Amino acid sequence: TRRGFGASSAPPPVDGNYSADRLGDDVLAVIEALKLDRPVLVGHSIAGEELSSIGSRYPDKVAGLIYLDAGYPYAYYDQKRASPSQLYLILDAIYLKRKLDSYLSGGVQDPQQFMEKLQASLRQFESDLREEEKRLASLPPQPQQSGPGYTISWAIIRGEQKYTEIHVPILAIFADPHDFGQEFKNDPATRAAAVANDLASTTAQAKAFMAGIPSANVVLIPNANHYVFKSNEAEVFRDMNAFLAKLP
């Protein structure tokens, strides 16, 4: 179980303790301790960042990776950005903050080069903000956040990284669009807008994942739950078994 959850130890929720590569290192430690020879790793949701961390840094340690509705920007960062997403806003905010922290700490070695990169980050972040404003305008008022984000979950989010190259056989299953269940059930117009937004962003991310990672086999399951291995168990098992059968 990931650090900070279940019976695992829970280091303080500071970024370094819960960065994506730090979490990936925990998985590698388990592989080494159990003396597993190139296992296939399966991850759901934000566990996609651990999969990508290992697949990008230590491809020789695993035989394959299976992303269960886990191939979103924290797992694969589409630099061309085919479609806007709140998850890209978060990632770009994280990297912009890191640049500003570096500047404020006096850690800038080449000021001119730094300013050029900072300007590029600012332009991307401003674009993210405009798209997020459009997205929020199409939805009903969102509940207010309570309290500071100094929890383990927020430390994991703040520790997200941008992965762009993964050289491992991959199966990536996306729920596209997602099943919204009872959400917006009394507001058909809002529900339709939410489904359309989800379909557009998820399809764009799935296509970007497939185009950016040649080793990836991408499967889309319409109207599946985010817990796709529960809502569509038979399909997920079928696709996983077919993927495993082809591995050397």
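This is a predicted model: local features need pLDDT of at least 70, side-chain atom pairs count only at pLDDT 80 or more; totals for chains, interfaces and linings use all residues.
Strands here are DSSP runs of E with at least two residues, numbered from the N terminus.

**View 1. Pro 73 in the loop between strand 2 and helix 3.** This loop runs between strand 2 (64–68) and helix 3 (86–104). Is Pro 73 buried or exposed? Pro 73 counts as buried because its relative accessibility is 1%, and buried means under 20%. Beyond its neighbours within four places in sequence, Pro 73 is in contact with Ser 85, Leu 87, Tyr 88 and Leu 91, and also with Gln 161 and Gln 205. Look for Thr 164 as well: 91 residues separate Pro 73 from Thr 164 in sequence, while their C-alpha atoms are 9.6 Å apart in space.

**View 2. The second largest pocket and its lining.** Which residues lie nearest the centre of this pocket? They are Thr 1, Arg 2, Leu 23, Val 27 and Glu 50, from a lining of 15 residues. Helix 1 (20–33), strand 1 (40–44) and helix 2 (48–57) each give two or more residues to that lining. By type, the lining has 8 nonpolar, 3 polar and 4 charged residues. The volume of the second largest pocket is about 350 Å³.

Terms used:
Residues are numbered from 1 along each chain as its sequence is written. Side-chain values use heavy atoms; hydrogens and water are left out. Helices (H or I, at least four residues) and strands (E, at least two) are DSSP runs, numbered from the N terminus. Buried means under 20% relative accessible area, exposed over 50%, partly exposed in between (1.4 Å probe, protein chains only). Contact means heavy atoms within 4.5 Å. On a 1 Å grid over the protein atoms alone, a cavity is a set of points where a 1.4 Å probe fits but cannot get out, and a pocket is an open set with protein on both sides within 12 Å along at least five of seven lines; lining residues have an atom within 4 Å of a point. Grid points are joined across faces, edges and corners, and a volume is the space filled by probe spheres set on the points. Ala, Val, Leu, Ile, Met, Phe, Trp, Tyr, Cys and Pro count as nonpolar, Asp, Glu, Lys and Arg as charged, and the others, Gly among them, as polar.
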